[in-house]
Amino acid sequence: MDQPVSIAPPPTREIALHALYEAAELEHCLMCTYLYAAFSLKCSVDEGLTAEQLEAVKRWRRLILEVATEEMGHLLAVWNITVAIGGAPRVGRSNFPLDPGYLPAGMVVKLAPFNMETLQHFIYLERPTDSKEPDGEGFAPERYFTRSTAGIHLTPMGKDYDTVGVFYERLSWGLTRLAEVFGESATMCGDPSLQLCETDVALTGAKRVICVKTALAAFDAIVRQGEGAQENTLDSHYHKFESIRAEYQAILAADPTFAPAFPAATNPVLRKPPRPEGRVWLEDPRAIATVDLANASYGLMQRLLAYVYAVPSHDPDKALALDLSIGLMHAIVPLAERAARLPAGPSNPNCHAGMSFITVRDASALPPGPSARRFFCERFKQLAEAAERTRDPNDPRTAQAASVLAKLQQRAEQGFDLSRPPPYAAAAAAPATAAPPAPKDVPATSVQDGVEQVEGEKLTLLYEGKRCIHARFCVTGAPTVFLANVKGAWLYPDTMDVERLVDIAHACPSGAIRYRRKDGRPDETAPPVNLAATREAGPYAFRGDLRINGSFAGYRATLCRCGASKNKPFCDGSHHDIHFDATGEPATSTSPETLATRDGPLQIDPQTNGPLKVCGNLEITSGTGRMVTRMTNAFLCRCGHSQNKPFCDGSHAKVGFIAD
């Protein structure tokens, strides 16, 4: 999946998967290096920090862990795309430090404690394409080389790239090309139920990939969250690391002896390495036991994540395996922090230990079923027993790890049903009538101006995808009408009572679902009261006789108030991606006047680079329906920065908000 130089190679699924495997390994490696640096940071004044310095270091640790968590979200996004094109996620990776050639020469990845050099390296890794940031001292490539080769090859080969952003641009180009050649349905042929989504885990990358558009959006979100872009520069990984550097430099200027972290080993290893250069062999018995337990927990976490992607969403193993894998992180953290505080051994007297994040030779998914469940139960028991042996009365972190692992062992043994057959056996044994019958006839469908129109007996069902915010009232309230995550026809309006279907359409807050009746009954009409609800950390939900920029826009619409939507003035879900923080419960006005008329046309005119100008009778409510105020004219914030939300306070000018 690479951009052409002179002759574009023919796209293949093999090459696409190879590129996605490298993307997964890259995100995985970055996550581990960030965690390693965070675990080396000091946590109390007893460790040589002043109270003021401690507050700063705690803040840095929180930011680095936020970045690492977001890298995990990127990893899930890459895994979902891999599944979408028919592959199995690459959960494993090479051990640290990475050998030359595994990534481009300028992409050095190794475990190192937090210091100014390591921080500069992080800034360099997350830098925008046009940045002149240098790499951190001590992170020069072992040797310079070129991975790219001339000519066209069937065998997948790594390509060179300067930044992560350039790499993902090439991935996007390659996936688009694959779809152009084979068609979207043939390209996105994987089972969506194997993926993870936001109902499974609270990570921004956990969104099902069901088409090329959603895959490209995932790639774009990864780049924006890393390098930063106009929409989220202040919250990007690059900016977060920059902000830490500025504060770090200021503290050092005031106190040159400031040491925010322990001297954890650079690239610690548990066995005597065949290539000792750039590695620290751990010899202290306590350090070895601690790192061994942390690594084993990390290895089990990888196996569980691989298993999560091997079982479908309806299988109870999926949710349990995911919860257990996340739970293991709560055991790994205290163990990794303890390792950074223990000596490495006599060969390195001035160096501490550190968790090495070793990967087992095979981290692929175990075959779903009783054997995998038994493996997990056995392994949790072994880890819990080892944690008890590692307990140190002088270090509460060992007690914390032991407690977590004991609870996870109990949960695994109670949750995994060893007698339940594997999914394929259960499917083979199930009678043919077990599954609900699929609709026999595919209704006539057409698309006009981006609106899908499906003909039913008593109504025409309309769906406008660009307005959809995935509120899911349709797929949960009418699952036989709205078939989620299927290929081809997905709307079957005649599979439920027409009056109930009309109610489901009215529940759609965005107006993406509408209808035209054929049975003589009236179509949807304007509600008796014009309303605008402020959704918690989300959009405005308008109901009324809506006129947007002078044109009739239906009776329901969700309009962006975070400033990041790419489909302004409508919401497209970007508030999730940027972690928009805005209350859905603004204070009630002290004396809102009762309106003589509560309905009528509601004019909504987005101001260029400014707020929403609203004219008409309107009641603004909280997300829960509580009355906030009543008005006939208002300017509502849509840049996301007003300090007087939901009303505009002029912040759009200060932040340089740009929108039509």
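A polar contact is a pair of N or O atoms within 3.5 Å; within protein, one atom must be able to donate a hydrogen and the other to accept it, and residues adjacent in sequence count only if both atoms are side-chain atoms. The model is predicted, with local features requiring pLDDT of at least 70 and side-chain atom pairs counted only at pLDDT 80 or more, while totals for chains, interfaces and linings use all residues. Residues are numbered from 1 along each chain as its sequence is written, and side-chain values use heavy atoms, with hydrogens and water left out.

Ser 325 belongs to helix α9, residues 316-339 (helices are DSSP runs of H or I with at least four residues, strands runs of E with at least two, numbered from the N terminus). A polar atom of the Ser 325 side chain lies 2.7 Å from the backbone oxygen of Leu 322. Ser 325 counts as buried because its relative accessibility is 1% (buried means under 20% relative accessible area, exposed over 50%, partly exposed in between, with a 1.4 Å probe and protein chains only). Leaving aside residues up to four places away in sequence, Ser 325 touches Met 301, Leu 304 and Leu 305 (contact means heavy atoms within 4.5 Å).

Most residues other than glycine have a negative phi, and most peptide bonds are trans. Asn 267, in the loop between α7 (237-254) and β1 (268-269), has a positive phi of about 55°; with 3% relative accessibility, Asn 267 is buried. Asn 549 has a positive phi of about 55° and sits in the loop between β9 (545-548) and β10 (551-552).

The peptide bond from Lys 568 to Pro 569 is cis, with omega near 10°, and Pro 569 is in the loop between β11 (556-559) and α15 (574-577).
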